[in-house]
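Here's a quick briefing on one model, covering confidence, a helix and some strands. Have a look at the sequence and the structure before reading on.

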Amino acid sequence: MDKNAFRTELDRVAFTPQGREALAEALIKGEAVPTRRRGNWAKRGMAAALAAVVLAGSSMAAGTLWDRYFGHLDGDQQEIMETLSRELPAAESNGTVMTPLAAFGDQDFYYLMLEIKAPEGTVFRDYGEEEGFYQLFGGTPEEDVTLTDANGLDILCTLDYDWFNDDPEDNILTAVIRLWSMEDADLCDGTDKTLHIPGLWVQSPEKIYTPVLTGSWDFNIGTHSGGMQSRVVDVSGVTVENADCGTMTMEYLRLSPLGMRIRHSWSAPKEGIYPGAPLSVVMKDGSEVALENTVGTCGENWNEEYGPFEAPIDLEKAAAVRWGTAEIPLI
C-alpha cells in the first residue's frame, strides 16, 4: 500500500509532523482503524479514513455556542459544562488576539472554544464548498498545529473543529476545537501541554493553502483541564457471543462525562474479521447515549477503541453500560 497516499490524505488533518508519519505507518500495517463522525467531509477538510472533523466559531456567549455545537443541552448538561469549563490566558501575535472562552478535557479528549479577533479591516467571510474552508494549519510541516509536553516533545494527536461565523463581514471568528489523544497520552493529568497554532488558512478543494493570518499562538491546555473525573468499571465475566468469532470478552472499560474507552478480545479469530457490539450508556431515566464515533487499534483477536459522546453526560445519572446483549451495572 502506498504510504504517500496516506500522507496526502493526512495533509488535510491537523497532526504533528511526527504524528502524521506515525499514523501513516500504522495505517499501512493495519494497526489503526479509525472511523469518523458527522458532517460534510469535504467542507470540513477531513481525510475520509480518519477520526477528525472540522469545527468552528463566533463571538457569542460560550454557553450558547456549546449548545449549538453539541446540539440542545438540558439543564444537567449545561451544569456539567459550567462546572468543567476553565478559561485560559489569551495570546496575541501580529495584531490578532486568540482568546479561549472555555476549555475542558479528560484523558482522551480536550475541548477548546477559541475566539479569533483579527485587526480591524480583516473580514472573515464565509466560503462555499467549491471555494474551500478554514484550517488552523497550512501546507508545510512548519505550518502544522502541534501539541508538546513539558520537555518540548510532540504528543501524537489529531483534532477536529467547527467554525461559528455569525457575521461574515466582521473580524471575529470562533472555533470549537476537539483534540483526540492518539497515543494514550492523558490530556488532563495536570502537566504542561502546549497547543501551538501557527495561523489560519483557507484550503481550496485543490489543496492550495491561502494564508489569512500567520503568527504564533500558544495555549497550555494541560493545566486547564477542568478536573474531569473518569471511572474504570469492573467488567469481570462480561461476554457477548459473536456468530463469526465466538465469545467476545470485555477486558477494560473506562468512561467519563465526555466518552468511553473499551478493550475486548474474541475466542475464535478469523482473518479480516474484527467483531464488535453496539455500545451505549443507559441512563437512570431509561434513555441511552451512544458514542458519536470511535477510533481504534486492533490485533488478530483483540480491539481497543474510544470515542466521545454526542454531548457530555452526568455520570451520577448513568445506570449501566450496554454492550451488545450484556448490561454492565454502574450503581
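A quick word on terms: pLDDT is the predictor's confidence in each residue, from 0 to 100, and a contact means heavy atoms within 4.5 Å. This is a predicted model, so to speak of local features we need pLDDT of at least 70, side-chain atom pairs count only at pLDDT 80 or more, and totals for chains, interfaces and linings use all residues. Residues are numbered from 1 along each chain as its sequence is written, and side-chain values use heavy atoms, with hydrogens and water left out.

**Confidence**
- The chain averages a pLDDT of 82, and 80% of the residues score at least 70.
- Residues 1–20 have pLDDT below 50, and this stretch has 69 contacts in the model beyond near neighbours in sequence.
- Residues 26–60 also stay under 50 in pLDDT, with 134 contacts beyond four places in sequence.

**Helix 5**
- Helices (H or I, at least four residues) and strands (E, at least two) are DSSP runs, numbered from the N terminus.
- Helix 5 spans residues 75–84, and its buried residues are Q77, I80, M81 and L84 (buried means under 20% relative accessible area, exposed over 50%, partly exposed in between, with a 1.4 Å probe and protein chains only).
- Turned away from the buried side is a face with the exposed residues G75, E82 and T83.

- Five strands make an open sheet in the order 1-2-3-7-6, with antiparallel pairing (two strands pair if DSSP finds at least two bridges between them).
- Strand 1 (91–93) and strand 6 (157–164) are at the edges with a single partner strand each, so one side of each has no neighbour in the sheet.
- Strand 1 pairs with strand 2 (residues 96–105) in the antiparallel sense over 3 bridges, and S93 has T96 in strand 2 as its bridge partner.

**The hairpin of strands 18 and 19**
- Strand 18 (residues 318–323) and strand 19 run antiparallel and are joined by 4 bridges; V321 has I328 in strand 19 as its bridge partner.
- The two strands form a hairpin with 2 residues between them, and G324 in the turn has a positive phi of about 60 degrees.
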